[in-house]
Amino acid sequence: MNFDSISQEPLLEVKFFLEQARDQKLQDWNGMTVSTVDEKQRPSSRVVLLKKFTDDGLFFYTNYESKKGKDISKNKNVSINFWWRELQVQIRINGSISEASRLESEEYFNSRPKGSRISAIVSKQSEEIESFESFQKTVQDATEALKDQKITLPDHCGMYKIIPEQIEIWKEGEFRRHERTLFKLESKKWIKSYLSP
Ligand SMILES: Cc1cc2nc3c(=O)[nH]c(=O)nc-3n(C[C@H](O)[C@H](O)[C@H](O)COP(=O)(O)O)c2cc1C
């Protein structure tokens, strides 16, 4: 992942820890929990992988018709959370989410191995299926049928972009004296404050 285009202060802090996690080769260093809420304000969370991070936002790839996709279509407020045990750091980012451009999504999709692209085409993510075996069979049939075809990004898949509005960096301290720094975006400026642990 390339973090070159990051310049805003709190994003630089996030970048700093992501780079540390990456350079220390932490398992799934770019994993983040994304929480959405449904139309009845019931929250749900799941882990996804951060695929791109720029001044424009944080990007992950998924199925737009999944449970999270349905939640997002009703409510653009999301919360994401990173935690790296080895770095003793937790980061919470609250913000709004929207679909990334088709071009950005295609760029990522086209970089994926063919097997992953076929899975994206056949998987109706979050829908009930008869059995895991029946899904495997659907994948097998599609792999055969698409053998000689170019596999392009289906409409129901793509990247989401999260634009941060609040960023909290939590650093573990001795005797629970954790350091918590909160950045809030107000009139296009990041305002910094400190929170009690
Ligand atoms: C380490 C890890 C990484 C994952 N990465 C992704 C991802 O990048 N995109 C995705 O759609 N699902 C990813 N998943 C699966 C999601 O956690 C989740 O099961 C799936 O997206 C369906 O979520 P939903 O039903 O809430 O929409 C990942 C799961 C794990 C454990």
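Which residue in strand 6 does V89 stand opposite? The legends below refer to a predicted model, and the pairing in question is taken up in the first view.

**View 1. Strand 5 and strand 6 pair in the antiparallel sense.** The pairing of strand 5 with strand 6, residues 157–171, runs over eleven bridges. In strand 6, the residue opposite V89 is K171.

**View 2. Strand 4 and strand 5 form a hairpin.** Strand 4 covers residues 77–84 and strand 5 covers residues 89–99. The two pair in the antiparallel sense, with eight bridges. Opposite F82 stands I91 of strand 5. Four residues lie between the two strands, and Q88 in the turn has a positive phi of about 55°.

**View 3. The largest nonpolar core has 28 residues.** I80, I91, Y160 and I162 are the residues with the most contacts inside this core. At least two core residues come from each of helix 1 (9–23), strand 1 (31–37), strand 2 (43–54), strand 3 (57–63), strand 4, strand 5 and strand 6. Strand 6 gives the most, with five residues.

**View 4. Surroundings of Y160, one of the core residues with the most contacts inside the core.** Leaving aside residues up to four places away in sequence, Y160 touches F59, F60, T62, I72, I97, E99 and A100.

**View 5. Helix 4 and helix 5 pack at an angle of about 115°.** Helix 4 spans residues 114–122, helix 5 spans residues 132–145, and their axes are 10 Å apart. The crossing of these two helices is right-handed. On the helix 4 side, the contact is made by I118, S119, I121 and V122. These meet T138, V139, A142 and T143 on the helix 5 side. By class, this contact has five nonpolar and three polar residues, and no charged ones.

**View 6. E186 lies in strand 7.** Strand 7 comprises residues 179–186. Is E186 buried or exposed? E186 is exposed, because 9 other C-beta atoms lie within 10 Å, and a residue counts as exposed at 12 or fewer. E186 and Q166 are 20 residues apart in sequence, and their C-alpha atoms are 9.5 Å apart in space.

Terms used: Residues numbered from 1 in each chain as written. Predicted model: local features only at pLDDT ≥ 70, side-chain atom pairs only at ≥ 80, totals over all residues. Axes fitted to C-alpha atoms, helices over the stretch in contact; angles between N-to-C directions. Left-handed = near helix turned anticlockwise from the far one by under 90°. Contact = placed C-beta atoms within 7 Å. Nonpolar A, V, L, I, M, F, W, Y, C, P; charged D, E, K, R; others polar. Pairing = 2+ DSSP bridges. Core = buried A, V, L, I, M, F, W, Y, C linked by C-beta atoms within 7 Å. Buried ≥ 20, exposed ≤ 12 C-beta atoms within 10 Å, placed from the backbone.
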